[in-house]
Amino acid sequence: MFQSHIFFLFFIFPLALLIPSALGFLSQSGFNDSLPYLWPMPSDFTFGNATLSVDPQLSLAAAGNGGNSEILKAAFDRYREIIFKHASGVSMFDKLWGRRRTFVYDISELKIVVQSDSEELQLGVDESYTLFVSKKDAQSIIGEATIEASTVYGALRGLETFSQLCTFNYETKDVQIYQAPWYIKDNPRFAFRGLLIDTSRHFLPVDVMKNIIESMSYAKLNVLHWHIVDGESFPLEVPSYPNLWRGAYTKHERYTIEDAYEIVTFAKMRGINVMAEVDVPGHAESWGVGYPDLWPSPSCKEPLDVTKNFTFDLISGILTDLRKIFPFELFHLGGDEVNTSCWETIPHVKQWLLDQNMTTKDAYEYFVLRAQEIAISKNWTPVNWEEPFISFEKGLNPRTIVHNWLHGDVCPKAVADGFRCIFSDQGVWYLDHLDVPWDRAYHADPLKGISDPSQQKLIIGGEVCMWGETADASNIQQTIWPRAATAAERLWSKNETVSGNVTLSVLPRLSYFRCLLNRRGVEAAPVKNFYARRPPTGPGSCYDQ
């Protein structure tokens, strides 16, 4: 509604002009902070050449049907604390000497208009927003700063962008917005923008998980894929089957149902869904610690016993309990890396296969499809790693979402056959692969090899995967960041926005974002190290590592 009034105020600049010339963004005099960098890059924006000051007592003026949202109010308070970490409006020396100074700020109020009062958070929720920042004067009809969004979750994305426009000036000791006035119209390229964390290979305390979720919001990621259990440990409480978490490493490395609910609620407040994963029938050895009957035999502890109804009753019990905690419509059932060879060596399983006239491959399909039926009966959409699609595509429920990880051509094949797909090619978006440089991760495109627009729509997005074999609370954040940010921008920003010479148009902004994460308390590693999560190789600026 404001666009026709303000577009004539601005010139539209190409992205390259946002990047200080060929010397990057460093000079002998230090960092050039006259141009704030945005990550991920918005879809459309214009800017001017003015500098505005922001009042440290910045107030919220919420409007619209969703203006009373507690999610919105809490987010404003969080971002105000981030923006004004260094700025109180009064210097220490003025306080000591009892001086009073009068400041007139250009921006003293942030107006946020949210059209819908619905706070339902599901796949495809509207995350679009517009952001206007302009000095209120005779020439400007806007004044102050305004975010408009259809939903509170779009408003959250606008708040993140606004916070990145705000820069603390260490000389004047106030917060400023450069290159104003700004007009930003933004929306995500993909609905699903995920990060997997693995709490089976190493337990992650709840506070660590919250820190990860908080950092995800800074890059506009919106799905935490929680790989809760695996063969190594089963750390989650399941009330219907209370012995399951005997499979945890220790009694101290467990999540109560209350912990899980707290994590889901914390994520929702930041516009992030939590997709739980319970991987079957493989990767499940830890289940049998509490219920040994799930093992075909003491020498064959996975895949789970396909012959027993108890196996599927227990899976149903798990999903029934988890459905009360995880409202997201997608549930991940794994289904990957299933080695069925030991099924052929266990007498009662071998007899069952004969009685059912099944091969072990048939039994694998039977197990996965029965687990899918259970998930669907709980009103979940099943997600499976790519192996079931590769092994028995024809039998899969058409609602299945295929999760690519191993083969680069899986998503094109899946969408050609009408399935939806999530892109997580291990060659580029597996964060435990420490030798994948930032630019290779950045060049990955979930739509590669898919030209049909109707098939492109079936790619719901992508996900970076932080498998936990070599990552725990001591190093997980520097393994995730900043490489996860490369995927975050590819999943949010349109191709036209991020095309060109990435060394000039992307690397400076990525380095800036890495340092922004550091300033916000996120242990993001240097961008340019050959191996990820390595510390700096010597002294130097955060912005040139």
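**Cavities, pocket and helix packing in the predicted model**

The largest cavity has a volume of about 50 Å³ in this predicted model. Its lining is formed by L121, Q122, L123, G124, V125, E127, A191, N222, V223, G271, N273 and F328. Sorted by class, the lining of the largest cavity comprises six nonpolar, five polar and one charged residues. The second largest cavity holds about 40 Å³ of space. The residues R78, Y79, L156, R157, S217 and R270 line the second largest cavity, and the elements that give two or more residues to this lining are helix 2 and helix 4. By class, the lining of the second largest cavity divides into two nonpolar, one polar and three charged residues. The count of cavities of 30 Å³ or more comes to four.

Open space was examined next. The volume of the largest pocket is about 610 Å³. The lining of this pocket consists of 21 residues, of which I82, I83, K85, H86 and R519 are the closest to its centre. Two or more lining residues come from each of helix 2 (70–83), helix 4 (152–165), strand 8 (166–169), helix 5 (206–218) and helix 20 (507–519). The most is given by helix 2, with four residues. In terms of class, ten nonpolar, four polar and seven charged residues make up the lining of the largest pocket.

Two packed helices are described by the angle between their axes and the distance between the axes. For helix 8 (residues 309–323) and helix 10 (residues 360–377), the axes come within 10 Å and cross at roughly 35°. This crossing of helix 8 and helix 10 is right-handed. On the side of helix 8, the contact is made by N309, T311, F312, I315, S316 and L319, and on the side of helix 10 by Y366, F367, R370, I374 and A375. The contact residues of the two helices divide into seven nonpolar, three polar and one charged.

Several features of the backbone were also noted. The peptide bond from W39 to P40 is cis, with omega near -5°; P40 is placed in the loop between strand 2 (30–31) and strand 3 (44–46). V280 and P281 are likewise joined by a cis peptide bond, for which omega is about 5°. P281 belongs to the loop between strand 13 (273–277) and helix 7 (287–290). K220 is not a glycine but has a positive phi of about 65°, and K220 lies in the loop between helix 5 and strand 12.

The protein averages a pLDDT of 91, and 89% of the residues score at least 70. The lowest confidence in the protein is that of helix 1 (residues 3–6), with a mean of 38, whereas the highest is that of strand 12 (residues 223–227), at 99. Over residues 1–35, pLDDT stays under 50, although the model has 60 contacts beyond four places in sequence for this stretch. Where pLDDT is low, the predicted coordinates should not be read in detail.

How values were computed:
Residues are numbered from 1 along each chain as its sequence is written. This is a predicted model: local features need pLDDT of at least 70, side-chain atom pairs count only at pLDDT 80 or more; totals for chains, interfaces and linings use all residues. Side-chain values use heavy atoms; hydrogens and water are left out. On a 1 Å grid over the protein atoms alone, a cavity is a set of points where a 1.4 Å probe fits but cannot get out, and a pocket is an open set with protein on both sides within 12 Å along at least five of seven lines; lining residues have an atom within 4 Å of a point. Grid points are joined across faces, edges and corners, and a volume is the space filled by probe spheres set on the points. Ala, Val, Leu, Ile, Met, Phe, Trp, Tyr, Cys and Pro count as nonpolar, Asp, Glu, Lys and Arg as charged, and the others, Gly among them, as polar. Axes are lines fitted to C-alpha atoms, for helices over the stretch in contact, and angles run from 0 to 180 degrees between N-to-C directions. A crossing is left-handed if the near helix is turned anticlockwise from the far one by less than a right angle, and right-handed if clockwise. Contact means heavy atoms within 4.5 Å. pLDDT is the predictor's confidence in each residue, from 0 to 100.
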